[in-house]
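Dear colleague,

I am passing the structure below to you, and after it you will find what was found in it. Please read the notes with the coordinates open beside you.

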Amino acid sequence: MLIEIFTGSFKGKIDDQIKTFITYNKGRDWRLLQAPDTDLRGDPVVCQLPFCSLHLHLQLSENPYTSGSISSKETAPGLLVATGNIGSELSYTDVGVFISPDGGNSWRQIFEEEYNVWFLDWGGTLVAMKHTSVPIRHMWVSFDEGRSWSKYSFTSTPLFVDGSLVDPGIETQIMTVFGHFSLRSEWQLVKVDYKSIFSRRCNKDDYQTWHLHNQGEACVMGERKIYKKRKPGVQCSLGRDYSQTVVSEPCVCGQGDFECDYGYERHSNNQCVPAFWFSPSSLSKDCSIGQSYLNSTGYRRIVSNNCTDGLREKYMAKMEKCPGKAPRGLQIITTDGKLVTEQGHNATFIILMEEGDLQRTNIQLDFGDGIAVSYANFSPVEDGIRHVYKSAGIFQVTAYAENSLGSDTAVLFLHVVCPVEHVHLSVPFVAIRNKDINITAVVWPSQAGTLTYFWWFGNSTKPLITLESSISHIFTVEGMNTVTVQVAAGSTLIQDTKEIAVHEYFQSQLLSFSPNLDYHNPDIPEWRQDIGKVIKRALVTGIPDEQILVAVFPGLPTSAELFILPHKNTTERRKSSEADLEQVVEVLFNALNQNLVQFELKPGVEVIVYVTQLTLAPLVDSSTGHSSSAMLMLLSVVFVGLAVFLIYKFKRKIPWINIYAQVQHDKEQEMIGSVSQSENAPKITLSEFTDPEELMDKELDTRVMGERQPSVGAFFTVWVRMLVIGVLGEAATVIPGTSRA
């Protein structure tokens with residue numbers, strides 16, 4: 001289509017007005033339609049642009065068998081028929097039918113009401129029928145492009161017309177009208193043959209030439225077109241052999257043949273300048289030195305425009321050499337957009353660069369783990385650059401781009417994680433209120449990379465977040481307190497929960513067992529929990545259940561720690577409750593020392609529970625008394641040291657000492673280190689516990705030792721222990737962190 005009509009507003013509905021515009025160059029320029037000079041009666045029409053113009057109804061008809069509000073045919077060049085109104089805007093009042101014989105340059109009114117108009121005889125004849133809801137029996141025919149109309153009757157009985165079927169290309173000039181005589185009658189078809197109104201076939205003298213133009217400008221879309229059509233008023237039929245002769249020749253390119261190129265916009269001086277968001281230099285960003293690119297002048301020839309020469313050379317894009325550019329806007333991204341990957345899996349990186357001479361740019365990519373790759377004459381790799389990290393951690397991935405004009409650097413921090421499988425929360429079984437304790441989360445595997453720890457204490461809803469696996473915490477509320485830790489590694493999240501008994505004070509004692517328990521120890525948490533419950537039931541009766549806590553340690557030889565806790569209702573009565581606690585301790589220790597605490601592991605396997613001679617934190621107290629007892633113990637140790645030195649110097653032997661050392665050495669075979677709740681207690685790892693084979697070796701060593709004389713070192717150890725036990729036996733309580741047997 002060389003002519004396009006648009007009804008609407010380019011700048012929005014100004015004052016809610018909708019108007020009709022027409023263009024002859026694919027939308028580069030638009031203008032309003034000039035209203036007819038006179039009406040149907042010949043009276044002048046007062047309508048001055050741009051305040052008044054012709055407006056057309058461009059909607060399509062809902063009924064496909066009516067002509068619609070605008071009609072045109074390719075076989076009738078320049079002839080347009082449309083429904084519309086004259087005024088300041090589009091309106092549905094004072095509607096009439098208008099015709100343009102010259103492609104929309106000028107318009108005439110042909111009806112004051114709405115009519116359906118069809119083209120007959122290859123577009124040389126117009127047929128009009130009133131668009132109404134009442135029955136009709138007349139139609140109008142025009143042979144002079146709507147200047148005059150002849151009235152014809154196509155039925156003797158008025159017909160409610162629903163539509164018409166017209167084939168403008170048939171030789172017989174037949175039109176079929178269909179409708180019904182009444183609202184309840186059946187459909188009626190009326191065949192109208194217009195052949196009789198044509199007196200003859202058209203000859204060469206019946207034709208004229210018509211020049212397509214735009215307000216007198218003969219060049220439309222870069223061409224000068226001349227059409228052949230029948231002279232108005234000649235009543236001859238075109239027939240099947242009609243062919244419109246079109247003479248077309250190109251025009252010299254002018255200003256109207258060009259529109260603004262992409263990124264440019266037209267200003268008031270009719271010049272195309274770059275828009276505020278567009279940078280003309282971006283067109284050469286993928287250009288390399290030595291190559292060429294098309295640099296836009298801001299103009300481009302309108303699509304389908306066939307003009308030649310003239311301004312074409314001035315406005316066409318120019319071939320220019322690519323300028324050299326330094327690297328700029330270097331970026332590193334991963335294909336999935338994530339900054340975390342798993343150890344042993346492919347991590348794929350993509351390198352992007354906004355500007356730079358790609359063909360002469362060297363790219364180096366350092367993966368941060370001691371491995372780097374280099375690319376010469378870099379071009380973007382669609383599939384990316386792959387790399388496998390063999391260890392977990394945070395790696396700084398660095399890209400460096402360089403050419404003869406400059407360089408650029410980009411950095412990405414990649415988290416490489418190893419999926420965590422298990423977390424164990426290591427906490428003391430009992431803690432002192434208002435005193436720091438250490439809490440550790442042990443993660444397996446240990447080389448899991450960067451981990452995030454979320455800590456919850458009690459009923460708190462907001463966690464404490466750290467990157468360290470250990471924290472310290474103070475419990476202020478007595479009773480059972482819950483600690484939960486969640487460990488996040490990439491998309492994996494695991495957790496563990498433990499309970500801690502919090503009290504003002506407590507006593508504890510390490511326990512050991514007869515060796516037969518070690519042969520049945522599978523060293524799993526569930527077994528240790530069950531054994532703890534069995535020991536608790538086997539200790540004594542009559543003591544409140546909440547005052548006793550037994551924790552079995554992992555590893556071999558099997559060992560445990562007995563906690564004696566104060567009664568939950570006696571915290572305010574500190575002194576009396578301490579005395580009650582001492583009584584409970586005395587009852588339990590008497591039973592343990594007399595080998596009265598035992599349980600049946602399975603039929604035929606009796607296990608005896610012993611008191612381990614050395615305990616790391618038997619009594620934990622927040623008081624500061626008994627400093628004199630501690631001083632007495634220190635002086636006693638000094639005197640014992642002098643005595644041992646004298647004995648060793650003169651090499652004297654004491655038979656009864658040998659016997660005691662023998663017995664004491666047997667006891668030492670059952671001693672293990674304790675995981676104490678005291679902050680001064682030494683830490684014992686799982687590797688320090690002996691396995692069953694080592695236990696058997698120790699028993700053989702014990703038998704051999706029974707035949708040997710003890711050394712002076714053994715005598716010194718026994719003497720110090722006897723003295724310490726004697727000193728501590730005189731005190732009711734001790735300083736926190738000291739030991740009590």
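Asp436 stands opposite Ile474, a residue of strand 41, in a model that is predicted rather than experimental. Strand 38, which covers residues 436-444, is joined to strand 41 by five bridges, and the two run antiparallel; strands here are DSSP runs of E with at least two residues, helices are runs of H or I with at least four residues, and both are numbered from the N terminus. Two strands are said to pair if DSSP finds at least two bridges between them. Both strands belong to an open sheet of three strands, with the order 36-38-41 and antiparallel pairing. Its edges are strand 36 (422-426) and strand 41 (470-474), each of which pairs on one side only. On average, neighbouring strands of this sheet are turned by 25° against each other, direction ignored, where the axes are lines fitted to C-alpha atoms (for helices, over the stretch in contact) and angles run from 0 to 180 degrees between N-to-C directions. In general, the strands of a sheet pair through backbone hydrogen bonds, in either a parallel or an antiparallel way.

Two conventions apply to everything here. Residues are numbered from 1 along each chain as its sequence is written, and side-chain values use heavy atoms, with hydrogens and water left out. As the model is a predicted one, local features need pLDDT of at least 70 and side-chain atom pairs count only at pLDDT 80 or more, while totals for chains, interfaces and linings use all residues.

For the protein as a whole, the secondary structure comes to seven helices and 49 strands. Of its 741 residues, 42% count as buried, a term that stands for under 20% relative accessible area, with exposed meaning over 50% and partly exposed lying in between (1.4 Å probe, protein chains only). Among contacts (heavy atoms within 4.5 Å) between residues at least 6 apart in sequence, 59% join residues at least 24 apart.

On the salt bridges, a search of the whole structure finds 15 of them, each being a side-chain nitrogen of Lys or Arg within 4 Å of a carboxyl oxygen of Asp or Glu. The side chains of Glu354 and Arg328 meet in one of these, at 3.5 Å from N to O. Glu354 lies in the loop between strand 30 and strand 31 (362-366), and Arg328 in the loop between strand 27 (318-321) and strand 28 (331-334), so this pair ties together parts that are 26 residues apart in sequence. Glu354 is partly exposed at 38% relative accessibility, and Arg328 is partly exposed at 41%. Another salt bridge joins the side chains of Glu223 and Lys225 (3.5 Å, N to O), and both of these residues are buried. Asp496 and Lys498 form a further one, with 2.7 Å from N to O; Asp496 counts as buried at 15% relative accessibility, whereas Lys498 counts as partly exposed at 25%.

Some individual positions follow. Thr348 has its place in strand 30 (residues 346-352) and counts as buried because its relative accessibility is 13%. Not counting residues up to four places away in sequence, Thr348 touches several residues, including Ile333, Thr335, Asp383 and Arg386. Lys151, found in strand 12 (residues 150-153), counts as exposed at 52% relative accessibility; with the same exclusion of residues up to four places away, Lys151 touches His138, Met139 and Trp140. The C-alpha atoms of Lys151 and Ala128 are separated by 9.6 Å, and the two residues are 23 residues apart along the chain.

Ala317 has its place in the loop between helix 1 (312-315) and strand 27, and it is partly exposed at 32% relative accessibility. Leaving aside neighbours within four places in sequence, Ala317 is in contact with Leu294, Asn295 and Ser296.

Phe276 sits in the loop between strand 24 (272-274) and strand 25 (292-295), and its relative accessible area of 80% is why it counts as exposed.
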